[in-house]
Amino acid sequence: MSVRRKEIIGERVFVALCLIAVVLPLVILLLLLVDMVWDGAGRLSWQFLAGYPSRHASQAGILPGIVGSFYLIIVTAALALPIGVGAAVYLEEYGRRGRLANFIEVNLSNLAGVPSIIYGLLGLGVFVRVLGMGRSLLAGACTMALLVLPIVITASREAIRTVPDSLREGAYALGATRWQVTRQVVLPLAFPGILTGAILAVSRAIGEAAPLIVVGALAYVTFLPESLGSPFTVLPIQVFNWVSRPQKEFLANAAAGSVVLLVILLLMNSLAIWLRARLQKRRTW
Amino acid sequence: MNLSVEQTSESPPSSVLVRVNPETGQGQTILKSNVPVPKIKARGLSAWFGAKQVLREIDLYIYPRSVTAIIGPSGCGKSTFIRCLNRLHEMVPGARLAGQVLLDDQDINAPQVDPVLLRRRVGMVFQKPNPFPTMSVRDNVLAGLRLCGKLKREQADEIVERALRQAALWDEVKDRLREPGAGLSGGQQQRLCIARTLAVEPEVVLMDEPCSALDPIATARIEALIHEIKHQYTIVIVTHNMQQAARVSERTAFFLMGELIEVGETSRLFTSPRDRRTEDYLTGKFG
Amino acid sequence: MEKAAANICRRNSASFYEKIIEKLLLSSGLVSVLTTAAILAVLLYETVAFFAEVSPARLLFDTQWTPLFVDKHFGIWPLVCGTVLTSLVAMVVAVPFGLLAAIFLSEYASERVRRILKPALEVLAGVPTIIYGYFALVFVTPLLQKLIPDLAGFNALSPGLVMGIMIIPLISSLSEDALHAVPVSIKEGALALGASKLKVVWGVTVPTALSGISAAALLALSRAVGETMIVAIAAGQQPRLTLDPRLPIETMTAYIVQISLGDTPAGTLEYKTIFVVGVALFVFTLGMNLLSHRLVRRFRGKYET
């Protein structure tokens with residue numbers, strides 16, 4: 001066999017290896033997910049979804065987790081969106097290569113790489129202790145808001161950038177102030193992208209457990225949070241609690257809880273895609 | 001009486017008209033042509049990028065051990081033409097080809113032809129010097145041989161010196177062989193790329209506007225080196241600079257809007273072009 | 001005439017309003033600066049308080065970490081070791097898979113294939129880590145125990161492998177960008193010399209994109225170091241100075257979780273230890289992220305002409 005022929009065969013083998021490298025992890029993930037759904041399907045029922053945790057695995061439910069997660073992401077979004085969009089507007093419309101804007105950007109890119117548990121320590125030190133919120137829903141939401149802030153800012157900036165400069169210039173030429181242009185021209189057009197960013201941020205927040213554990217979300221909660229100041233739990237932490245138990249029966253609960261978490265995530269992402277498509281249709285350029 | 005056209009075994013081979021005696025099988029040379037056998041023949045060559053046709057039915061012969069220049073205004077298909085000669089054209093997504101290109105009478109687009117092996121016989125120097133950024137001067141020269149797996153360690157130094165001398169670069173870099181190739185000046189980088197191409201010892205060297213990114217002094221150096229090496233290689237040079245074509249080549253082909261308008265001996269083409277359009281281009285009426 | 005002149009002069013009330021808006025927006029931007037400052041402040045405050053009771057020498061030179069036992073040792077190395085071990089296992093998986101995936105997507109795949117496979121890989125990064133932790137404990141560990149008989153129930157190998165799968169998209173995405181950024185003229189130059197596509201990829205394209213690929217690897221490593229839930233579930237709670245991935249260990253992140261789940265009152269020494277560990281974690285990840293950004297700027301800057 002000639003050298004060239006060996007080379008050609010070698011190349012084919014290499015491309016096959018590369019394809020395996022792409023496909024194998026996906027196949028493994030799929031198998032693991034199917035296995036998990038199989039294990040957890042037996043525990044899924046209305047009683048599971050509407051029940052409270054219990055010492056008996058078969059009677060345990062995840063309502064506090066679902067409700068807690070729900071409240072948490074609403075408050076998180078309420079905090080993170082105005083600040084995130086405001087920061088994005090400042091960086092794209094007002095700051096634009098100023099030294100201050102640069103400094104903010106450097107901070108943002110560093111913060112995006114900080115492990116989530118460090119945000120937990122931040123929340124513990126500042127929100128729980130110094131600001132006296134205690135181990136409350138509000139402290140958790142503030143912590144998560146800081147965590148997802150870089151995501152909101154990045155997505156909002158991308159969205160703002162897609163608005164063509166010609167539209168801005170047209171508005172300025174009519175005598176509008178910068179804020180008028182921003183509020184009436186840029187933001188409405190950037191809205192689909194900002195919404196997508198919000199959903200991305202919320203998707204990230206709903207899957208997080210570590211920073212909330214540090215801030216003081218409880219693992220065993222038999223009540224629903226009544227106010228911003230009350231203790232709380234979230235779905236991932238409930239699953240974590242079950243996985244950590246030595247008794248095997250709780251593992252099925254953990255699987256079921258994970259399935260619920262995945263379904264919620266899938267719904268949110270589908271919502272994002274659908275919303276995006278619908279809002280894009282309204283575009284006239 | 002059987003007449004046939006054959007090639008002699010001289011170098012370069014010439015064409016001869018031979019009469020073969022059917023009984024004895026002996027051949028007798030009747031007529032010998034002064035024109036050598038073409039190294040490359042393009043027959044009815046057409047090329048497209050997607051739906052846009054950029055070359056129309058080109059019929060052009062390239063003769064060995066000489067320089068053929070291809071001139072014409074921007075966008076006339078000159079670069080596309082030479083990229084068809086080493087099968088780089090097909091690497092662009094959506095690119096298409098029709099017609100034939102023959103190297104030593106062998107169709108280079110035939111299914112059994114390996115483009116990789118073709119490119120070891122037909123080398124190319126690009127418009128913008130492209131030395132490999134992670135390699136030293138020495139490694140750049142040897143890169144072609146290394147990538148083809150044909151480098152013999154013991155010969156490396158000798159090959160480097162020979163290629164750099166042919167590219168008229170040896171004296172300037174002989175003390176800097178281990179320095180990064182990208183650290184040289186523009187003209188030096190282009191000569192390095194030429195050395196790299198020559199190190200592989202191709203038969204044909206295609207040059208796509210090799211001097212257009214260089215200053216006049218560097219250009220003159222490269223033209224001088226083309227003069228030196230043309231007796232060893234078949235050179236096809238695309239240039240938008242008519243004077244360069246006149247200085248450097250034996251034959252010139254004029255392209256316009258994807259068509260070959262006229263081809264002929266350089267001095268004849270420049271002094272008495274046969275086609276009106278050639279004359280207009282040469283006198284600067286457009287271009 | 002006067003009316004026209006008056007109309008183009010600034011109206012104080014409107015411009016005041018604009019200025020307020022601008023300040024508000026600026027303060028939104030400054031929240032991120034405040035966040036960084038707060039992180040530093042919180043970590044350093046508790047760490048300084050810690051060093052008032054425990055000398056830095058004990059942190060750096062002791063080889064045991066037992067702050068909860070009666071005989072307290074505060075050597076941070078077992079925790080660092082646990083983190084390094086799990087992260088290395090993750091990298092051993094993620095780098096080959098990620099790099100080969102990147103080469104395939106950038107150099108060989110058609111546009112159609114790329115459009116399907118690239119987002120598919122991103123899904124790996126979107127699965128919540130708690131679920132990966134479940135996988136590591138419930139599926140991967142028992143499976144590996146069949147292959148490696150003396151594998152402990154909690155070990156560094158399982159969570160390491162699962163983390164590796166999770167960070168593959170990090171490496172493949174950035175590496176693909178780096179490979180794509182290599183100028184076409186360089187690739188064509190190598191092709192024109194008669195090199196096969198494979199030789200062009202490994203001989204020229206990958207070496208040229210090396211700084212970008214290294215940046216990707218550093219970012220992935222930083223992510224693995226900062227990962228919490230997978231190791232908290234599957235790696236164990238036994239700080240140990242070892243390089244054997246079959247044994248239970250504890251990572252820096254898992255220790256913080258362990259203390260947070262317990263009843264450690266605020267202000268105690270044990271409470272302060274989580275901030276000390278946090279500082280170490282922060283310094284490592286920050287260092288790797290900064291280096292990664294520096295490398296990205298280097299490869300971006302080279303070809304942006």
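**Reading the model, feature by feature**

Modeller: The scale calls a residue buried if 20 or more other C-beta atoms lie within 10 Å of its own, exposed if 12 or fewer, and partly exposed in between, with C-beta atoms placed from the backbone. Before we go on, remember that this is a predicted model, in which local features need pLDDT of at least 70, side-chain atom pairs count only at pLDDT 80 or more, and totals for chains, interfaces and linings use all residues. Residues are numbered from 1 along each chain as its sequence is written, while chains are lettered from A and ligands numbered from 1 in the order in which they are written.

Colleague: Where does Met257(B) sit?

Modeller: Met257(B) lies in the loop between strand S12 (251-256) and strand S13 (259-265) of chain B. Its phi is positive, about 50 degrees, although the residue is not a glycine. Arg65(B) is another non-glycine residue with a positive phi, near 45 degrees. The loop that holds Arg65(B) runs between S5 and strand S6 (67-71) of chain B, and its 16 C-beta neighbours inside 10 Å make Arg65(B) partly exposed. As for the labels, helices (H or I, at least four residues) and strands (E, at least two) are DSSP runs, numbered from the N terminus.

Colleague: How should I read the sheets?

Modeller: Strands of a sheet pair through backbone hydrogen bonds, either parallel or antiparallel. Here, two strands pair if DSSP finds at least two bridges between them. One open sheet of chain B has six strands in the order S9-S10-S11-S6-S12-S13, with mixed pairing. Strand S9 (122-125) and S13 of chain B are at the edges with a single partner strand each, so one side of each has no neighbour in the sheet. From one strand to the next, the twist averages 20 degrees.

Colleague: Which helix packs on that sheet?

Modeller: Helix H6 (residues 186-199) of chain B packs there, touching S9 and S10 of chain B, and its direction makes about 175 degrees with that of S9(B). Touching goes by contact, meaning that the C-beta atoms of two residues, placed from the backbone, lie within 7 Å. For the angle, axes are lines fitted to C-alpha atoms, for helices over the stretch in contact, and angles run from 0 to 180 degrees between N-to-C directions.

Colleague: How many bridges join S6(B) to S11(B)?

Modeller: Four, and the two strands run parallel. Val67(B) has Ile235(B) as its bridge partner in S11(B). Strand S10 (residues 204-208) of chain B also pairs with strand S11 (residues 234-238) of chain B in the parallel sense, over five bridges. There, Val205(B) has Ile235(B) as its bridge partner, and Asp208(B) stands opposite Val238(B).

Colleague: Is S11(B) buried or exposed?

Modeller: S11(B) is mostly covered, with five of its five residues buried. In a regular strand the side chains alternate between the two faces of the sheet. In S11(B), Thr234(B), Val236(B) and Val238(B) are buried on one side, and Ile235(B) and Ile237(B) on the other.

Colleague: What is the strand order in the open sheet of four strands?

Modeller: The order is S5-S4-S7-S8 in chain B, with antiparallel pairing. Strand S5 (52-62) and strand S8 (106-107) of chain B each have a single partner strand, so they stand at the edges with one side lacking a neighbour in the sheet. Strand S7 (residues 95-103) of chain B pairs with S8(B) over two bridges, and Leu103(B) has Gln106(B) as its bridge partner in S8(B).

Colleague: Now the chain contacts, please.

Modeller: In chain C, 16 residues are in contact with 21 residues of chain B. Helix H8 (184-192) and helix H9 (197-208) of chain C each supply at least two residues of the chain C side, and H8(C) gives the largest share, seven residues. That side divides into eight nonpolar, six polar and two charged residues. Ala, Val, Leu, Ile, Met, Phe, Trp, Tyr, Cys and Pro count as nonpolar, Asp, Glu, Lys and Arg as charged, and the others, Gly among them, as polar.

Colleague: How confident is the predictor?

Modeller: The predictor gives the complex an ipTM of 0.90 and a pTM of 0.86. Per residue, pLDDT is its confidence from 0 to 100; chain C averages 89, and 93% of its residues score at least 70. Among the elements of chain C, helix H1 (residues 2-7) has the lowest mean pLDDT (51) and helix H4 (residues 77-108) the highest (95).

Key: pLDDT = per-residue confidence, 0-100.
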